[in-house]
Amino acid sequence: MLLQRQVRAPLESAVDLTPMVDVVFQLLIFLMLTYRASAQSEIELPPAVYGTGVEETEAITLTLLPLPGGAVAVFNGMSTDPNDRLDSPDAIREAVAEGVRQGRRRVVLQADGAVPHGEVLRVGSTVAEVEGIILHLGVEDEGQ
């Protein structure tokens, strides 16, 4: 009896990655179609729990209110008197700079809940161009 060694063909051990690539592409397409790149969406901010109040006489308050058509009006102070409206970024910077010259370095942004988050950021960025200020965001106390 002649002993023969059985020679096996090498095993093919490759894994078929086609189904995994299909799933990855489907997830990628889903995420691309459902992603919203707009910074104008509403963000629900949590209520302040540990914040401290700012004395009104030591702060400059800017009030942001929504207008029909999606625009936002910025007012100097808590009033919505048209004479106190700040129509341009230069007017906002000048109002804050005037407050700093009077010794009021704290700036409080009070925005209505319907004001888009992006507009609050835009006004905050404009205010931050004035040196020496401390920026605060007005929030509602919990339970109000």
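Helices, of at least four residues, and strands, of at least two, are taken here as DSSP runs numbered from the N terminus. On that basis the protein chain of this predicted model follows the pattern α-β-β-β-α-β-α-β when read along the sequence, with three helices and five strands in total. Of its 144 residues, 22% count as buried.

**Overall chain**
- Among the contacts in the protein chain with a separation of 6 or more, 63% are made by residues 24 or more positions apart.
- The protein chain exposes about 11,400 Å², and carbon and sulfur atoms supply 55% of that area.

**Nonpolar core**
- The largest nonpolar core comprises 18 residues, and L62, L64, V96 and V127 are those with the most contacts inside it.
- At least two residues of this core are supplied by each of β1 (59-66), β2 (72-76), α2 (89-101), β4 and α3 (117-128), while the largest share, four residues, comes from α2.
- Apart from neighbours within four places in sequence, V96 is in contact with I60, L62, V107, V127, V130 and I133.

- Although R106 and I133 are 27 residues apart along the chain, their C-alpha atoms are separated by 5.6 Å.
- Leaving aside neighbours within four places in sequence, R106 is in contact with V54, E58, A59, I60, I134 and H136, and the side chains of R106 and H136 are joined by a polar contact of 3.0 Å.

Notes:
Residues are numbered from 1 along each chain as its sequence is written. This is a predicted model: local features need pLDDT of at least 70, side-chain atom pairs count only at pLDDT 80 or more; totals for chains, interfaces and linings use all residues. Side-chain values use heavy atoms; hydrogens and water are left out. Contact means heavy atoms within 4.5 Å. A polar contact is a pair of N or O atoms within 3.5 Å; within protein, one must be able to donate a hydrogen and the other to accept it, and residues adjacent in sequence count only if both atoms are side-chain atoms. A nonpolar core is a set of buried Ala, Val, Leu, Ile, Met, Phe, Trp, Tyr and Cys residues joined through side-chain atoms within 4.5 Å. Buried means under 20% relative accessible area, exposed over 50%, partly exposed in between (1.4 Å probe, protein chains only). Accessible areas come from the Shrake-Rupley method with a 1.4 Å probe; for residues, only the protein chains shown count as cover.
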